[in-house]
Amino acid sequence: MQSEAAVSKFDIEVDGRLVPAESGQTIAAALIGAGISVFRHTPSGAPRGIFCGMGVCFDCLVTVDGLADQRACVTPVRPGMRVQLGNA
């Protein structure tokens, strides 16, 4: 029987709220798992979140540790990460 790789569980901070995450997840996966499906709004007010899931579109942009316009669908979570949802 093969042993499973240990999965590290931790929280990331999203707009000041702690959101559970696991090693190997993307930011988008952690957000969706926490019930957060809108990551930002366009200038016209349209909600945006996960769309393509592979980094091709720009719908899931978030700010990570002060660095704007990061694609949540391809950015892996890590302990101590601070994510800000926002507007484009």
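**View 1. Aspartate 65 sits in the loop between β5 and β6.** This is a predicted model, in which local features need pLDDT of at least 70, side-chain atom pairs count only at pLDDT 80 or more, and totals for chains, interfaces and linings use all residues. Residues are numbered from 1 along each chain as its sequence is written, and side-chain values use heavy atoms, with hydrogens and water left out. Aspartate 65 is not a glycine, yet its phi is positive, near 50°. Most residues other than glycine have a negative phi.

**View 2. β5 and β6 form a hairpin.** Two residues lie between the strands. Strand β5 covers residues 61-64, and strand β6 covers residues 67-71. They pair in the antiparallel sense, over three bridges. Two strands count as paired if DSSP finds at least two bridges between them. Which residue of β6 is the bridge partner of leucine 61? The partner is arginine 71. In a regular strand, side chains alternate between the two faces of the sheet.

**View 3. Aspartate 15 lies in the loop between β1 and β2.** Strand β1 spans 9-14, and β2 spans 17-22. Aspartate 15 has a positive phi of about 50°, although it is not a glycine. With 46% relative accessibility, aspartate 15 counts as partly exposed.

**View 4. The protein chain has one helix and eight strands.** Helices (H or I, at least four residues) and strands (E, at least two) are DSSP runs, numbered from the N terminus. From that end, the order is β-β-α-β-β-β-β-β-β. Along its principal axes, the C-alpha trace spans about 55 × 25 × 20 Å. Buried residues make up 31% of the 88 residues.

View 5. A contact means heavy atoms within 4.5 Å. Among contacts with a separation of 6 or more, 35% join residues 24 or more positions apart. The protein chain has 7 positive and 8 negative side chains. Lys and Arg count as positive, Asp and Glu as negative; His and the chain ends are not counted. Each charge is placed at NZ of Lys, CZ of Arg, CG of Asp or CD of Glu. How far apart are the centres of the two sets? They lie 4 Å apart.

Technical notes: Buried < 20%, exposed > 50% of the residue type's maximum accessible area, 1.4 Å probe, protein only.
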